[in-house]
Amino acid sequence: GFATLEAVAKGEVLMGLGYESTFAMMINNDPSLRLAASVALVNTNEIVVRRDRGIHNPADLKGKRIGFCPNTSSEYYLLSFLLVNRIPLTEVTMVKVPGPGLVEAIVNGEVDALSAWDTVVYDAKKRLKDNATSWPAQNNRDWQWVLVVKDATTQSPEPLRRFLKALLKAEDFVLTHREEAKNIIARRWGFEPAFMQQIWDMTR
């Protein structure tokens, strides 16, 4: 999401999807950004921990190294999770890790825990097997995928209008052809059936 919204800000793409808080942070630096639509509600972020590091409940995170991807839902919900569980930032070590490196970081033991979204959570737990424990990170609050454009796009909105119409058609197809839609997405992105089953009802 962050890289996509950066591309929108730089004019490299006409529109892009990103996380709501990423948009809120970026608009401070680029007031020409516009939120065109909210396209999905998601509740898939989790904190994944290594059991062999003595972590069995959230309080055990004190003194541990926690991996996160800056400027994404990973960072936002890590901070939120620590706050809800009354764990001061001074009592953990937050380790910045690029999104693609999060799984390897926890599998290789570079971090004791991580905060991440659905694909990373699934892969991390699959690789760690019985050595993994996880907790929901969002405190029952959905986050939104938002469609972001530059102000200039709203002045000549025909491409945006066509894209939103296409999204509405896609949404109707997903609602009326649930299993077929799952299969299409799984084939397109190479997702395993077990992953699709796990996250499907958490994204709407």
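Two strands are taken to pair if DSSP finds at least two bridges between them. On that basis, this predicted model contains an open sheet of five strands in the order β5-β4-β6-β3-β7, with mixed pairing. An open sheet of three strands, in the order β1-β8-β2, has antiparallel pairing.

**Overall dimensions and composition**

- The secondary structure of the protein amounts to nine helices and eight strands.
- The radius of gyration is 18 Å, which agrees with the value near 17 Å that a compact globule of 204 residues would have.
- The C-alpha trace spans about 55 × 40 × 25 Å along its principal axes.
- Of the 204 residues, 41% count as buried.
- The accessible surface comes to about 11,200 Å², and 54% of this area belongs to carbon and sulfur atoms.
- Among contacts between residues at least 6 apart in sequence, 74% join residues at least 24 apart.

**The five-stranded sheet**

- In the sheet ordered β5-β4-β6-β3-β7, the edge strands are β5 (93–96) and β7 (132–136), each of which pairs on one side only.
- From one strand to the next, the twist averages 25°.
- Strand β3 (residues 46–50) pairs with β7 in the antiparallel sense over five bridges.
- Within this pairing, Ala 132 in β7 is the bridge partner of Arg 50.
- Helix α3 packs on the sheet and touches β3, β4 (65–68), β5, β6 (113–116) and β7. The direction of α3 makes about 145° with that of β4.
- Helix α5 (residues 118–128) also packs on the sheet, where α5 touches β3, β6 and β7. The direction of α5 makes about 20° with that of β3.

**The three-stranded sheet**

- In the sheet ordered β1-β8-β2, β1 and β2 are the edge strands, and each pairs on one side only.
- Neighbouring strands of this sheet are turned by 30° against each other on average, direction ignored.
- β1 and β8 are joined by five bridges in the antiparallel sense.
- Leu 17 stands opposite Leu 147 in β8.
- Helix α1 lies across β1, β2 and β8, and runs at about 140° to β1.

**Helices α1 and α2**

- The axes of α1 and α2 are 10 Å apart, and the two helices pack at an angle of about 35°.
- The crossing of α1 and α2 is right-handed.
- On the α1 side, the contact is made by Phe 2, Leu 5, Glu 6 and Ala 9; on the α2 side, by Thr 22, Phe 23 and Met 26.
- In helix α2 (residues 20–27), the buried residues are Glu 20, Ser 21, Thr 22, Phe 23 and Met 26.
- These buried residues of α2 pack against α1 (2–9), β1 (15–19), β2 (33–42), α3 (73–84) and β8 (143–150).

**Thr 153 in helix α6**

- Thr 153 is located in helix α6, which covers residues 151–155.
- Thr 153 counts as buried because its relative accessibility is 7%, and the cut-off for burial is under 20%.
- Leaving aside residues up to four places away in sequence, Thr 153 touches Leu 14 and Leu 160.

Notes
Residues are numbered from 1 along each chain as its sequence is written. This is a predicted model: local features need pLDDT of at least 70, side-chain atom pairs count only at pLDDT 80 or more; totals for chains, interfaces and linings use all residues. Side-chain values use heavy atoms; hydrogens and water are left out. Buried means under 20% relative accessible area, exposed over 50%, partly exposed in between (1.4 Å probe, protein chains only). Helices (H or I, at least four residues) and strands (E, at least two) are DSSP runs, numbered from the N terminus. Contact means heavy atoms within 4.5 Å. Axes are lines fitted to C-alpha atoms, for helices over the stretch in contact, and angles run from 0 to 180 degrees between N-to-C directions. The radius of gyration is taken over C-alpha atoms; the globule rule is 2.2 Å times the number of residues to the power 0.38. Accessible areas come from the Shrake-Rupley method with a 1.4 Å probe; for residues, only the protein chains shown count as cover. A crossing is left-handed if the near helix is turned anticlockwise from the far one by less than a right angle, and right-handed if clockwise.
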